[in-house]
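Please look over the sequence and the model first.

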Amino acid sequence: MVDAALPMDGTLLAAQDPVTPADRRQIVWSSVIGTTIEWYDFLIYGTASALVFNKLFFPSIDPVVGTIAAFGSYAVGFLARPLGGAVFGHFGDRVGRKAMLALTLMIMGIGTFLIGCLPTYGQIGILAPVLLVALRLVQGIGIGGEWGGAVLMVVESVPQERRGFFGSVVQLGYPIGVILSIGAFALTGLLPEEAFLSWGWRVPFLASAPLVLVGLFIRLRLHETPAFRAIKAWAATARLPVMEILTEHPGLFLKAVGLKVSEIAYVSVVTVFSISYVTGQLGLSRGVILNGILIAAVIELFTIPAFGWLSDRYGRKTLFVAACLFSIAFAFPMFQLLDTRNPTIIALTVAVALSFGQGIMFGTGAAWMSEMFHARLRYSGASLGFQVGAALSGGFTPLIAAALLAWSGGATWPISTYLIVLACVTLVATFLAPETARQPID
């Protein structure tokens, strides 16, 4: 954990107001609801990229190139996430966690709603994909600032021996967001193809507006975390937290980035690239892969908190090592199982890949990345580590996978090799990062 020139003999903790069990429940569930809305907004773009954007916004080029271009616009949102993490991390460490959570939710919601209002390439030409990419940037900035604040609201408010579990509960916003986003497109996908391409695809984006209003109402009722109130009371906020992390703690920052790259690559392949692969390469209906992803997300509602609980008992490192070893071992069998074209096998494959290739690290990583940084740098440190890793790996993975598939003439071994390399990177970062489970963080 980052050291800081602050009193660490108990006086800092004594300055904190106690968090009652009722307050804790409100904080946890409000964070879950807020992150669900944010992830829903962010994820429906990925689904639409695989299903419709190549037809509506990039239609004048070869279908394969159009898919790559659609995934390229998807990557833009990931590239914007570090910017959101840096900007909102700065103010989250100086002004507070609560205000940033409300602001990021508004930014995300506005960007998502406007995507649903966009005219297509056939209506306004090249301006359509330009506006699409611009709004994807807005989405990326919003989610980049949101995750760190939502996790810190919980991690800084729960007992140290249960940070792994409660941190993982916040991460349930992701599978719930997957369920809502896939469910929305599954329902609109029941429409005739012409209606779906004309207006049906817009419905999941427009539905974001009422969800955001609910999220804002909930988040504005929260109180600031005890750790941040104590930092403010001591007048110990960092002047430039991002610069302090990059100049004084670069090693810790790079370890946090390394912890993210394997998990986000796996989930990007399974939930985004695989939609295009199964429908385009294997010739199956989109319902086959969407149903598989939906089932996997439901299973993650149970596995993610279970892995968080296990990390409190056995340590963050133990869980990450297990996840990395699985990611290496399953990289080749995953595509072999998808290639069977059997809907049941495809659903089971997706469920296993998400639960162990993503779920272990995603559930455990929320607490671990937060615990690695001191309270005065925590919003910036956790957000930057998470979002830079997500940008480097998650943003480019569907694009790289599509390009590798085209380069190899339809063979998947380069994609599997790519996943193994990233798992090895995360494994190295795991051994180098400090173990923080059940240890004081302030």
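The text below covers confidence, aromatic pairs, a surface patch and salt bridges.

This is a predicted model, in which local features need pLDDT of at least 70, side-chain atom pairs count only at pLDDT 80 or more, and totals for chains, interfaces and linings use all residues. Residues are numbered from 1 along each chain as its sequence is written, and side-chain values use heavy atoms, with hydrogens and water left out.

The chain has a mean pLDDT (the predictor's confidence in each residue, from 0 to 100) of 85, and 92% of its residues reach 70 or more. Over residues 1–16 pLDDT stays under 50. Where pLDDT is low, the predicted coordinates should not be read in detail.

The whole structure holds 20 aromatic pairs. Rings of Phe, Tyr and Trp (its six-membered ring) pair if their centres lie within 6.5 Å; planes under 30 degrees apart count as stacked, over 60 as edge-to-face and the rest as tilted. Phe 53 and Trp 201 form an edge-to-face pair, 5.8 Å centre to centre with 85 degrees between the planes. Phe 53 lies in helix 2 and Trp 201 in the loop between helix 9 and helix 10, so the pair ties together parts that are 148 residues apart in sequence. Helices (H or I, at least four residues) are DSSP runs, numbered from the N terminus. Phe 53 and Trp 201 are buried; buried means under 20% relative accessible area, exposed over 50%, and partly exposed in between (1.4 Å probe, protein chains only). One aromatic cluster takes in Tyr 45, Phe 53, Phe 57, Phe 185, Phe 196, Trp 201 and Phe 205.

On the surface, Met 106, Ile 110, Phe 113, Leu 114 and Leu 206 form a nonpolar patch with about 410 Å² of accessible area together. Patch residues have over 30% relative accessible area and no salt bridge, and nonpolar side chains (Val, Leu, Ile, Met, Phe, Trp, Tyr) are joined within 5 Å. Accessible areas come from the Shrake-Rupley method with a 1.4 Å probe. Helix 4 gives the most to this patch, with four residues, while Leu 206 is in helix 10.

A salt bridge is a side-chain nitrogen of Lys or Arg within 4 Å of a carboxyl oxygen of Asp or Glu. The structure has nine salt bridges, including these:

| Salt bridge | N to O distance |
|---|---|
| Glu 193 and Lys 55 | 3.7 Å |
| Arg 376 and Glu 244 | 2.5 Å |
| Glu 263 and Lys 260 | 2.5 Å |

Glu 263 and Lys 260 both lie in helix 14, three residues apart, and both are buried.

Definitions and conventions. Helices (H or I, at least four residues) and strands (E, at least two) are DSSP runs, numbered from the N terminus. Patches are made of residues with over 30% relative accessible area and no salt bridge: like charges are joined within 9 Å, nonpolar side chains (Val, Leu, Ile, Met, Phe, Trp, Tyr) within 5 Å. Contact means heavy atoms within 4.5 Å.
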